Amino acid sequence: MASLPLSAKEEIVERFLDAAARGDLPQLRMLLTHTPSLINQTGYSGWTALMLAARNGHYNVVEALLSHGCDKLPVNSSSQTAYDIAKFWGHSHISNLLAQTDDRCSGVLPELYFSRETLDRQSDKRTDKTWLEAQQSDPNTVYLLFSNVNPMVSRCEEDKSSEVLDKLCRFRYDEVKDLIQKPKTKLIFLGVEKKKPPSSCSQVQEGSWEPPAWFAVGTDEDATELLKRCREDNCFFPESPNRNLLKFSEEEAGIVAHARSVLVWHDRYSFCPTCGSGTSLEEGGHKRRCLNSECRSLKGVHNTCYPRVDPVVIMLVVHPDRNQCLLGRKKSFPVGMFSCLAGFIEPGEAIEDAVRREVEEESGVKVGLVRYICSQPWPMPSNLMIGCLAIATSTNIKVDQNEIEEAQWFTRQQIAESLHRGANPALMLPPSQTIAHQLIRYWICKNANL
Ligand SMILES: NC(=O)C1=CN([C@@H]2O[C@H](COP(=O)(O)OP(=O)(O)OC[C@H]3O[C@@H](n4cnc5c(N)ncnc54)[C@H](O)[C@@H]3O)[C@@H](O)[C@H]2O)C=CC1
Ligand SMILES: [Mg+2]
Ligand SMILES: [Mg+2]
Ligand SMILES: [Mg+2]
Ligand SMILES: [Zn+2]
């Protein structure tokens, strides 16, 4: 049977993959300059250009592909990454290169959701009352409204990935000035915009321009009343706040993480933890001062006066054979979902010891080497997730049923398939916004080269 003619697109993909397989760097570069989207295209059996170059030992092609931001994660139909292929065929200079390239640049460890510092916090301005007051009434200042620690949002479906995005509703001083004067309202100074205006702006030329300040307004007023302040009619307060907190853009997620954690702290610590008296807000909403002049908390620096952060270790435990990892599921997880083990750090405990203790408590597995990888603020309500890879020194699982319903070793192949192809009913991994997902992805890409 005569083979069907290739479409123009298929033909260019084939030429690109062929150039990678032959190590023809000039041809590969020329095609990439013309059509940058070729970079992660796949051909026969899911092989990418990176895999073909890794298979045939073309170091300079692998290097060029990585410098163009090529994705190292994809697996072929045999569930092998480019790293696995280079290693299998004995091209250790290439497998080392694939394991070593800078994590952030190569996309192995992307920026974590909730962690973008969109605003410049300008913490030194928190004690400058005159400056803060001037910012509050400035017409360019941006206010965000929170009802019982939930942000008011509007929904837009125009994101390029066609995912639903929630957008924070922004208000100006005139629209909220009555609200912020009420005694029970909490006003949090979040920082100032980092973006610079166009140099044509007259205030920039005069030297009088200041970047707009942002404030969060926390109130327990009736949500329906608050919604009446909106100019648009598609604004709302999400019904399941925890799930909805994962629907923001990266820019806004970072702002929400800061604002929500501080507001939750005010909500839960209205009275002085030292003597039980009332407190007042200070320092742009980043401090609570006890109103009892005799209180010990007023002498020296007292940590109960400042917002709390709870450190939590979260770890991907790697099997001693380096080819499997340990994941667990809580009863509350959706069917089929497994995630990294996690637990609160206890007082007087180092990160490594907390990792070893939590893993042994929850799964019975003993851990030796622990390596810190990355962290993520998790404003539910105020955790700092400290992500680690840990190497197990024992393999028998004995689950603590109070904390975990089930724990299991999964092979690299099972994980790579679930990550790459998704929709695997036997193993569903947590969403990409979580540090658990990113630690798992990191292990697959780096092959746990501890
Ligand atoms: N972003 C992510 O990828 C993930 C985030 N997490 C978060 O990590 C946190 C800790 O994980 P768990 O397995 O629940 O911890 P865990 O294994 O330490 O068990 C929780 C228990 O620890 C006790 N506890 C000790 N200190 C606590 C504190 N400061 N606050 C609340 N409870 C405390 C309580 O009895 C609680 O029931 C959770 O809040 C969860 O939201 C958990 C997994 C993934
Ligand atoms: Mg736990
Ligand atoms: Mg635990
Ligand atoms: Mg614990
Ligand atoms: Zn007190």
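What distance separates the centres of domain 2 and domain 3, taken over C-alpha atoms? Please go through the interface of domain 2 and domain 3 in detail.

Author: The model is predicted. Taken over C-alpha atoms, the centres of domain 2 and domain 3 are separated by 33 Å. Contact between them takes 8 residues from domain 2 and 7 residues from domain 3.

Start with the bounds. The domain assignment gives domain 2 as 119-156 + 164-193 + 211-269. Domain 3 covers 310-445. Domain 1 is assigned to 8-99.

Now the area. The size of an interface is often given as the accessible area lost when the parts come together. Between domain 2 and domain 3 about 690 Å² is buried. Carbon and sulfur atoms give 68% of that area. On the side of domain 2, Leu 246, Ala 257 and Ser 261 lose the most area to domain 3. Together these residues make up 59% of what that side buries.

Next, the polar side. For polar contact, the rule finds 4 residue pairs across the interface, with both residues at pLDDT 80 or more. Helix α12, residues 250-268, supplies the largest share of the side of domain 2 that touches domain 3. That share is 5 residues. By class, this side of domain 2 has 4 nonpolar, 2 polar and 2 charged residues.

Take Arg 412. This residue lies in helix α14, residues 412-421. Arg 412 counts as buried because its relative accessibility is 8%, and the cut-off for buried is under 20%. Its side chain makes a polar contact of 2.9 Å with the side chain of Asp 84. The side chain of Arg 412 also reaches the backbone oxygen of Ile 444, at 3.3 Å.

His 437 is found in helix α15, residues 435-446. With 14% relative accessibility, His 437 also counts as buried. Leaving aside neighbours within four places in sequence, His 437 is in contact with Leu 419, Pro 430, Pro 431 and Ser 432.

Turn to Arg 126. The loop between β1 (119-120) and α7 (129-136) holds this residue. Arg 126 has 16% relative accessibility, so this residue counts as buried. Beyond its neighbours within four places in sequence, Arg 126 is in contact with Arg 121, Leu 132, Phe 189, Glu 283, Gly 284 and His 286. For scale, compare Arg 126 with Glu 406. These two residues are 280 apart in sequence. In space, 47 Å separates Arg 126 and Glu 406, C-alpha to C-alpha.

Finally, the setting. The protein chain has 15 helices and 17 strands. Along its principal axes, the C-alpha trace spans about 85 × 60 × 40 Å. Of the 450 residues of the protein chain, 46% count as buried. Take contacts between residues at least 6 apart in sequence: 68% of them join residues at least 24 apart.

To return to your request: the centres of domain 2 and domain 3 are 33 Å apart. About 690 Å² is buried between these domains.

How values were computed. Residues numbered from 1 in each chain as written. Chains lettered and ligands numbered in written order. Predicted model: local features only at pLDDT ≥ 70, side-chain atom pairs only at ≥ 80, totals over all residues. Heavy atoms only, no water. Domains from an automatic or database assignment. Contact = heavy atoms within 4.5 Å. Buried area = accessible area lost by both parts, 1.4 Å probe. Polar contact = N/O pair within 3.5 Å; in protein donor to acceptor, adjacent residues only side chain to side chain. Helix = DSSP H or I, 4+ residues; strand = E, 2+ residues; numbered from the N terminus. Nonpolar A, V, L, I, M, F, W, Y, C, P; charged D, E, K, R; others polar. Buried < 20%, exposed > 50% of the residue type's maximum accessible area, 1.4 Å probe, protein only.
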